[in-house]
Amino acid sequence: MKRSDINRIIRESEAFMRSHGYILPPFARMSPGEMKARKDELGHITASGLGWDITDFGLGDFDKTGLFLFTTRNGRLEDLKQGRGMLYAEKAMISRKDQLTPMHKHVFKAEDIINRGGGTLVLELFGDTDGHCDREKGTTVACDGILRNLGPGEKLRLAPGESVTLLPGDWHGFWAEGGDVFVAEVSTVNDDKTDNYFEDPAVSRFSGIEEDEEPVHLLVSDYGTWLG
């Protein structure tokens with residue numbers, strides 16, 4: 001992705017979230033220079049992967065296949081394994097109209113996906129067999145506390161205010177219909193480096209960046225390069 005496109009998406013996404021009454025935390029507004037100057041204070045932010053996250057899943061067409069995310073809080077896998085401490089995470093996301101997040105699952109993370117406003121969020125769901133997406137197998141999920149049995153590939157449509165709980169092993173892809181959707185994710189500890197398993201091996205979680213202009217804000221995937 002071009003840095004200029006990332007900068008534009010950041011500005012558009014922040015305005016969209018504000019239109020739904022959602023204000024990002026103060027560290028969202030830090031410039032790259034401020035983050036470098038204060039990096040000793042920001043250890044939890046950088047180590048936990050908090051912040052801006054924009055991906056085209058390595059496929060080169062963000063409008064067709066992509067997702068905007070901002071991680072506002074996240075615990076540590078070490079705490080999750082011990083069953084004590086900060087065991088949770090929260091993200092704000094935007095799924096644009098007809099923009100696909102590809103079929104994937106998590107091994108450790110359970111998550112609530114919540115439509116906070118906009119269009120309809122559509123999820124396509126499959127079960128798991130021997131670690132692989134089984135397109136002949138359905139799954140059972142809780143939608144706002146009510147269990148629903150879904151056939152293989154059955155489409156679950158979430159209107160604003162509705163949510164679904166996905167457990168480890170639930171294969172899911174999603175997109176927005178009728179307009180962009182402001183999505184909230186509340187989950188157990190999130191590890192985007194190791195706990196995303198895509199059905200298509202050509203898909204990657206993070207995007208390469210072409211530096212055609214200076215970043216307005218650093219992405220989570222920038223921290224290692226820019227902050228050391």
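Tutor: Let's go through the salt bridges, then the cysteines, then a charged patch. This is a predicted model, where local features need pLDDT of at least 70 and side-chain atom pairs count only at pLDDT 80 or more, while totals for chains, interfaces and linings use all residues. Residues are numbered from 1 along each chain as its sequence is written, and side-chain values use heavy atoms, with hydrogens and water left out.

The structure holds 17 salt bridges, each being a side-chain nitrogen of Lys or Arg within 4 Å of a carboxyl oxygen of Asp or Glu. Start with D5 and R8, whose closest N and O atoms are 3.5 Å apart. Both sit in helix α1 (residues 3-19), three residues apart, or about one turn of the helix; helices are DSSP runs of H or I with at least four residues, strands are runs of E with at least two, and both are numbered from the N terminus. D5 is partly exposed at 30% relative accessibility, and R8 is partly exposed at 35%. Here buried means under 20% relative accessible area, exposed means over 50%, and partly exposed is in between (1.4 Å probe, protein chains only).

Next come E34 and R38, whose side chains meet in a salt bridge at 2.9 Å, N to O. E34 is partly exposed at 31%, and R38 also counts as partly exposed, at 28%.

R157 and E177 make another salt bridge, with their closest N and O atoms 3.4 Å apart. This pair links distant parts of the chain: R157 is in strand β9 (residues 155-158) and E177 in strand β11 (residues 171-188), 20 residues apart. Back at D5 and R8, salt bridges that share partners join them with E12 and R96 into one network.

Now the cysteines. A search of the whole structure finds zero disulfides, a disulfide being a pair of cysteine sulfur atoms within 2.5 Å. C133 is buried at 16% relative accessible area, and C143 is buried at 11%.

Last, the surface: E210, D212, E213 and E214 gather in a patch of negative charge. Patch members have over 30% relative accessible area and no salt bridge, with like charges joined within 9 Å and nonpolar side chains (Val, Leu, Ile, Met, Phe, Trp, Tyr) within 5 Å. D212 lies in the loop between β12 (197-198) and α5 (223-227), and D212 is partly exposed at 38% relative accessibility.

Key
Areas by Shrake-Rupley, 256 points an atom, 1.4 Å probe, with all protein chains shown as cover. Lys, Arg positive; Asp, Glu negative; His and termini not counted. Charge placed at Lys NZ, Arg CZ, Asp CG, Glu CD.
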